[in-house]
Amino acid sequence: MSLITWTQEKFGTSVSKHDEEHQHLFNLLNKLHESVGQGERGTIGKNLDSLIAFVAEHFASEEKNMSAVGYPSLAQHKQEHDTLVQTCVDLQKKFHAGSAEITEQTTAFLRDWLIKHIPQIDFMYAPALKAGGIQ
């Protein structure tokens, strides 16, 4: 069973590129969650690395578009991104060093972050991006 499901109603920003990226993030998080349930450390590590790499790529994509249109809350938005990335990278390092595990609590934390961040923070950039011609 999926940990998180993307729907237009709950998570659609109306910026197609970022909606597609969010869907991919959800798929990667679901893969990580599934691998945690199976307990195979190598697969967990691979899925963790894929998720974190795409999170960084997605955040850079959003930030580039917000910068391009002069989005006034870019600095605050970027701070939220940077905080999550730092938390994830720290955990990733500890996991690969053998001093931390990825658990269902980890994937629930990431799910909860996305459930809060997209509707409360990302929705706010949509009008500015659309007005700037970013669809």
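## Helix α2 and His22

Helices here are DSSP runs of H or I with at least four residues, numbered from the N terminus. His22 sits in one of these, helix α2. The model is predicted.

His22 is buried, because its relative accessible area is 1% and the cut-off for buried is under 20%. Leaving aside residues up to four places away in sequence, His22 touches Trp6, Phe11, Thr13, His58, Glu62, Ile118, Asp122 and Tyr125.

Ser14 is placed in the loop between α1 (8-11) and α2. Its phi is near 70°, a positive value in a residue other than glycine. Ser14 is partly exposed, with a relative accessible area of 38%.

## The nonpolar cores

The largest nonpolar core has 25 residues. Within this core, Leu25, Phe26, Leu29, Leu32, Leu51, Ile102 and Leu114 touch the most other members. Helices α2 (16-38), α3 (41-68), α4 and α5 each supply at least two residues. The most come from α3, which gives 7 residues. In soluble globular proteins, nonpolar side chains tend to be buried together.

Ile102 is one of the core residues with the most contacts to other members. Not counting residues up to four places away in sequence, Ile102 touches Leu32, Val36, Ile44, Leu48, Leu91 and Phe95.

## Packing of α3 against α4

The axes of α3 and α4 come within 10 Å and cross at roughly 165°. Angles over 145 degrees count as roughly antiparallel, and α3 and α4 are therefore roughly antiparallel to each other. The crossing of α3 past α4 is left-handed.

On the α3 side, the contact residues are Arg41, Ile44, Gly45, Leu48, Asp49, Ile52, Val55, Phe59, Glu62, Glu63, Met66 and Ser67. They meet Leu74, His77, Lys78, His81, Leu84, Val85, Cys88, Val89, Gln92, Phe95 and His96 of α4. By class, this contact has 12 nonpolar, 6 polar and 5 charged residues. Glu62, on the α3 side, also touches His22.

## Packing of α4 against α5

Helices α4 and α5 pack at an angle of about 165°, with their axes 11 Å apart. This pair is therefore roughly antiparallel. Their crossing is left-handed.

From α4, the contact uses His77, Glu80, His81, Leu84, Thr87, Cys88 and Leu91. From α5 come Thr106, Phe109, Leu110, Trp113, His117, Ile121, Asp122 and Tyr125. By class, the contact has 8 nonpolar, 5 polar and 2 charged residues. Asp122 and Tyr125 of α5 also touch His22.

## Ala100, between α4 and α5

The loop between α4 (74-97) and α5 (104-131) holds Ala100. Ala100 is buried, with a relative accessible area of 16%. Beyond residues up to four places away in sequence, Ala100 touches Arg41, Leu91, Lys94 and Phe95. Leu91 and Phe95 are also touched by Ile102.

Lys64 is 36 residues from Ala100 along the chain. The C-alpha atoms of Ala100 and Lys64 are separated by 33 Å.

Methods: Residues are numbered from 1 along each chain as its sequence is written. This is a predicted model: local features need pLDDT of at least 70, side-chain atom pairs count only at pLDDT 80 or more; totals for chains, interfaces and linings use all residues. Side-chain values use heavy atoms; hydrogens and water are left out. Buried means under 20% relative accessible area, exposed over 50%, partly exposed in between (1.4 Å probe, protein chains only). Contact means heavy atoms within 4.5 Å. A nonpolar core is a set of buried Ala, Val, Leu, Ile, Met, Phe, Trp, Tyr and Cys residues joined through side-chain atoms within 4.5 Å. Axes are lines fitted to C-alpha atoms, for helices over the stretch in contact, and angles run from 0 to 180 degrees between N-to-C directions. Angles under 35 degrees count as roughly parallel, over 145 as roughly antiparallel, 65 to 115 as roughly perpendicular and the rest as oblique. A crossing is left-handed if the near helix is turned anticlockwise from the far one by less than a right angle, and right-handed if clockwise. Ala, Val, Leu, Ile, Met, Phe, Trp, Tyr, Cys and Pro count as nonpolar, Asp, Glu, Lys and Arg as charged, and the others, Gly among them, as polar.
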